[in-house]
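My entries follow in the order I made them.

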Amino acid sequence: MNDAARDDSLRLAQPADAHSQAEWEAATAAVLRKSGRLSADDADSLVWDKLTRTSLDGLRIAPLGLPEESFADAARPTRSGAWDIRSLVSGLSGVDAKTANEAALVDLDGGVSSLWVAADETTDLAVLLDKVLLDLAPIVLDAPIGAVKVAQNLLALIAERGAGLHAGTNLGADPMGALLRDLPLAPDEAFAELVDLARLAQGIGVRAIVVDATAAHDLGASDVQELGWSIAVGVAYLRALTEAGFSPAVAASLIEFRFAATDEQFPTIAKLRAARQLWARVLELSGAEGVEMRIHAVSSRPMLSKYDPYVNMLRGTVAAFAAGVGGADAVTVLPFDSANGVPDGFGRRIARNVSHLLIDESHVAAVADPAGGSFAVEQLTADMAAAGWEAFIQLEEEWTGANAVGGHDFSPFRDRIAAVSAAREKAIARRKRPITGLTEFPNLAETLPSRPSDPLNERVVRYGASFEALRDTPATAKVFLATLGTVAQHTARATFATNLLAAGGIGVEVAGATADAEELAGKYRAAGTPPVVCLAGSDKTYAEWGAAAIAALREAGATHVIIAGKPDAVDAEVDDAASMGVDALAFLTATREKLS
């Protein structure tokens with residue numbers, strides 16, 4: 001069969017359904033002209049500029065993928081079939097080992113296939129792993145401080161039991177991740193321990209190292225920064241092991257990678273695919289081709305909201321889907337109540353069942369690389385890989401500089417993360433990156449689940465933390481919502497203002513339907529004349545009697561008048577205005593000051 005015939009055989013669309021790029025541009029431009037985003041004189045091709053968005057990394061994400069000549073095969077996931085469902089069990093100081101053991105056993109009985117164990121030197125692994133069949137369930141240790149001691153405790157446990165460890169077990173050394181988290185660790189000693197653990201792991205047939213890119217993600221890093229960090233750290237560990245006498249292939253086989261999966265589905269898919277491409281290039285240059293990259297994806301801790309935590313079930317589901325499609329070998333969905341503290345049994349059950357639903361009912365794992373061939377995903381993967389390589393090179397140059405401490409200077413990288421985090425928080429403050437239940441549709445009457453404090457939430461920059469801080473200390477007084485006109489006339493802006501104020505922990509006293517300024521002022525007096533009022537009505541109502549309403553409210557005692565909408569919508573002076581695109585955080589902070 002010649003190439004032309006082969007191409008024709010793969011065409012799924014009927015000739016009548018085949019359309020050119022120009023036709024798509026024309027149809028899309030017609031829609032944008034109706035909404036006013038394009039003028040009649042604008043070229044149809046401008047739809048690309050209008051609909052293309054820019055990520056926090058500066059990557060342009062087009063509305064539609066276009067065919068390219070080729071994309072890197074190294075980005076293709078290598079996992080075949082279902083992913084390893086991995087649950088997180090904490091045995092850190094302050095957490096009861098027996099309780100952790102009970103949670104682990106319930107998870108394993110519920111279909112979890114491996115355990116990710118957060119531990120320190122005080123963790124009683126004998127109790128925490130009691131009745132866990134270590135030769136059947138891989139154990140991935142996470143002990144940033146005292147990694148050697150914790151690993152030795154695990155090996156002492158299996159020696160006592162007379163059993164072995166599953167080949168998927170990982171002793172979890174990651175000194176650079178611990179240093180980035182600013183944990184007390186001496187770099188030289190930590191790297192010496194890394195080599196010791198590698199020799200120990202090689203002797204018993206398990207892995208030794210986890211390149212935990214969530215160390216960067218939890219501080220607010222972008223996808224590209226997370227990629228650059230992971231490859232730079234992986235290279236640093238390869239160097240340390242090869243200098244200690246390991247071959248590049250053996251060293252690479254001892255390493256596992258951990259990435260964050262967020263509810264931004266396509267960037268997560270592209271990030272995992274790009275990671276494979278970048279690491280394959282590193283191994284090619286190192287003479288270790290053919291060693292497969294093992295990826296553990298965990299749903300993002302920063303994206304979890306403390307308020308309206310049940311929405312986190314949706315975030316975790318999207319993250320797990322993206323991780324599975326992106327080719328993760330193991331997936332951890334953090335329980336939806338993780339931001340509130342140590343998760344309870346219900347949260348853990350929902351978390352593990354997410355993967356079961358995706359694998360067994362939705363059959364997401366039945367297809368290898370389901371995103372492959374999607375031009376949009378392929379292009380995003382290629383762009384992210386290129387940017388990730390640049391981020392890696394930048395770290396390499398910084399870590400070989402004269403000012404590096406212990407061979408690695410993290411200060412410039414932390415500064416770049418802080419800049420990205422600030423940009424993200426600015427977008428959240430303006431509600432351009434909405435967080436349902438926190439910045440959008442907040443419920444002031446909700447009762448948060450009570451959970452014990454979780455040390456795993458420390459050193460995590462949670463998205464929208466500033467809004468959570470406002471909600472933690474609700475305003476003691478309410479804003480009088482001065483609704484102008486009938487319910488139909490004021491509902492839109494009243495709903496907008498109510499939700500906006502609630503995002504800052506501010507309740508409202510609603511006037512209801514009003515016919516004129518006199519009636520509105522009467523309802524204001526009946527509400528106790530709170531100092532802050534917010535006008536909510538239609539532009540027409542504002543024009544007809546908005547000025548009279550403001551005058552009547554000020555005369556009745558209002559000291560701070562806000563208008564829902566543009567400040568020039570009414571022919572009178574207002575003290576503040578709230579409309580789409582406002583810096584919600586600054587507005588809410590100022591409003592709370594006037595209420596106090």
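**Entry 1: the strands.** I started at Phe480, which stands opposite Glu509 in strand 12. I worked on a predicted model, where local features need pLDDT of at least 70, side-chain atom pairs count only at pLDDT 80 or more, and totals for chains, interfaces and linings use all residues. Residues are numbered from 1 along each chain as its sequence is written, and side-chain values use heavy atoms, with hydrogens and water left out. Helices (H or I, at least four residues) and strands (E, at least two) are DSSP runs, numbered from the N terminus.

Strand 11 (residues 479-483) and strand 12 (residues 508-510) run parallel, joined by three bridges. Two strands pair if DSSP finds at least two bridges between them.

I checked how covered strand 11 is. Five of its five residues are buried. Buried means under 20% relative accessible area, exposed over 50%, partly exposed in between (1.4 Å probe, protein chains only). Val479, Leu481 and Thr483 point one way, Phe480 and Ala482 the other way. In a regular strand the side chains alternate between the two faces of the sheet.

Entry 2: I traced an open sheet of five strands with parallel pairing, in the order 12-11-13-14-15. Its edge strands are strand 12 and strand 15 (576-578), each pairing on one side only. Neighbouring strands are turned by 25° against each other on average, direction ignored. Angles run from 0 to 180 degrees between N-to-C directions, and axes are lines fitted to C-alpha atoms, for helices over the stretch in contact.

Strand 13 (residues 532-536) pairs with strand 14 (residues 560-564) in the parallel sense over four bridges. Val532 stands opposite His560 there. Helix 19 packs on the sheet, touching strand 11 and strand 13, and its direction makes about 160° with that of strand 11. Helix 20 (residues 539-556) also packs on the sheet, touching strand 11, strand 13 and strand 14. The direction of helix 20 makes about 170° with that of strand 13.

**Entry 3: two loop residues.** Is Leu484 buried or exposed? Leu484 counts as buried because its relative accessible area is 0%. I placed Leu484 in the loop between strand 11 and helix 18 (487-502). Contact means heavy atoms within 4.5 Å. Leaving aside neighbours within four places in sequence, Leu484 contacts residues including Thr514, Leu535, Tyr542 and Trp545.

Thr514 lies in the loop between strand 12 and helix 19 (517-526). Thr514 is buried too, at 6% relative accessibility. Not counting residues up to four places away, Thr514 touches Leu484 and Trp545, among others.

**Entry 4: the core.** Which residues have the most contacts inside the largest nonpolar core? I noted Leu129, Trp229 and Trp279, in a core of 168 residues. Helix 10 (residues 223-243) gives the most to this core, with 12 residues. A nonpolar core is a set of buried Ala, Val, Leu, Ile, Met, Phe, Trp, Tyr and Cys residues joined through side-chain atoms within 4.5 Å. Beyond its neighbours within four places in sequence, Trp279 contacts residues including Ile231, Leu238, Phe257 and Met293.

**Entry 5: a helix pair.** Helix 12 (residues 265-286) and helix 13 (residues 312-325) pack at an angle of about 30°, their axes 8 Å apart. From helix 12, the contact uses Gln265, Thr268, Ile269 and Leu272. From helix 13, Val318, Phe321, Ala322, Ala323 and Val325 take part.
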